[in-house]
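Please look over the chain shown below before reading on. The report that follows takes up aromatic pairing, the core, the overall fold and the charged side chains in turn.

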Amino acid sequence: MAHSLSPECTPLKHEYDACFNTWFEGYLEPAIANANTKGHSQSQRIEYSKQKKEEYDRKCGSIWAEYKDCVQKAVTEKGLGGLLSQARQENPLREPPPPDASGSS
């Protein structure tokens, strides 16, 4: 696993990475299995996703918040806030284009 922006944040990063990876494996395997199974309605898939989000929040949410706070503090201490603002202005995140209605890529 890679190190964080600040050495103080690296243990939190590793803890979060491990939590997320474990959660994601548990999310992905049943999601893939159920996606190809007939009889699972859209509402069942939505309910499954909702349950998995709540599970993520319970298991990993507080670790993520603590890690994010640590990184934000490091960004401020290293004087990188201005560079991030400039990068966001020069290359703002955009909404993805809508899917091609014709079905071709």
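## Aromatic pairs

The structure holds 11 aromatic pairs, where rings of Phe, Tyr and Trp (its six-membered ring) pair if their centres lie within 6.5 Å, and where planes under 30 degrees apart count as stacked, over 60 as edge-to-face and the rest as tilted. The rings of Phe20 and Tyr56 are edge-to-face, because their planes stand at 80 degrees, with the centres 6.5 Å apart. Phe20 lies in helix H1 and Tyr56 in helix H2, so this pair ties together parts that are 36 residues apart in sequence; helices here are DSSP runs (H or I, at least four residues), as strands are (E, at least two), and they are numbered from the N terminus. This is a predicted model, in which local features need pLDDT of at least 70 and side-chain atom pairs count only at pLDDT 80 or more, while totals for chains, interfaces and linings use all residues. Residues are numbered from 1 along each chain as its sequence is written, and side-chain values use heavy atoms, with hydrogens and water left out.

Phe20 is partly exposed, at a relative accessible area of 28%, whereas Tyr56 counts as buried at 16% relative accessibility; buried means under 20% relative accessible area, exposed over 50%, and partly exposed in between (1.4 Å probe, protein chains only). Tyr56 also pairs with Trp23, and this pair is edge-to-face because the planes stand at 65 degrees, with the ring centres 5.3 Å apart. Trp23 lies in helix H1 and Tyr56 in helix H2, so the pair ties together parts that are 33 residues apart in sequence. Trp23 and Tyr56 are both buried. One aromatic cluster is formed by Tyr16, Phe20, Trp23, Phe24, Tyr27, Tyr48, Tyr56, Trp64 and Tyr67.

## Core and overall fold

Which residues make up the largest nonpolar core? Six residues do so, namely Tyr16, Cys19, Trp23, Tyr56, Cys60 and Ile63, a nonpolar core being a set of buried Ala, Val, Leu, Ile, Met, Phe, Trp, Tyr and Cys residues joined through side-chain atoms within 4.5 Å. Helix H1 (10-35) and helix H2 (42-77) are the elements that give two or more residues to this core. Tyr16, leaving aside its neighbours within four places in sequence, is in contact (heavy atoms within 4.5 Å) with Tyr56, Cys60, Ile63 and Trp64.

Of its 105 residues, 19% are buried. Among contacts between residues at least 6 apart in sequence, 65% join residues at least 24 apart. The chain exposes about 8300 Å², of which carbon and sulfur atoms supply 56%, with accessible areas taken from the Shrake-Rupley method with a 1.4 Å probe, and for residues only the protein chains shown counting as cover.

Ser4 lies in the segment before H1 and counts as buried, at 11% relative accessibility. Its side chain is joined to that of Tyr67 by a polar contact of 3.2 Å; a polar contact is a pair of N or O atoms within 3.5 Å, where within protein one must be able to donate a hydrogen and the other to accept it, and where residues adjacent in sequence count only if both atoms are side-chain atoms. Leaving aside neighbours within four places in sequence, Ser4 is in contact with Cys9, Thr10, Lys13, Tyr67 and Val71.

## Salt bridges

Side chains of opposite charge can pair when their charged atoms come close. A search of the whole structure finds five salt bridges, each being a side-chain nitrogen of Lys or Arg within 4 Å of a carboxyl oxygen of Asp or Glu.

| Salt bridge | N to O distance |
|---|---|
| Glu55 and Lys52 | 2.9 Å |
| Glu55 and Lys59 | 3.5 Å |
| Lys73 and Glu77 | 3.8 Å |

Lys52, Glu55 and Lys59 are linked in a network of salt bridges. Glu55 and Lys52 are separated by about one helical turn, because they are three residues apart in helix H2, and Glu55 and Lys59, both also in helix H2, are four residues apart, about one turn of the helix. Glu55 counts as buried at 16% relative accessibility, and Lys52 is buried with a relative accessible area of 9%.

Lys73 and Glu77 likewise both lie in helix H2, four residues apart, about one turn of the helix. Lys73 is exposed, with a relative accessible area of 52%, and Glu77 counts as exposed at 58% relative accessibility.
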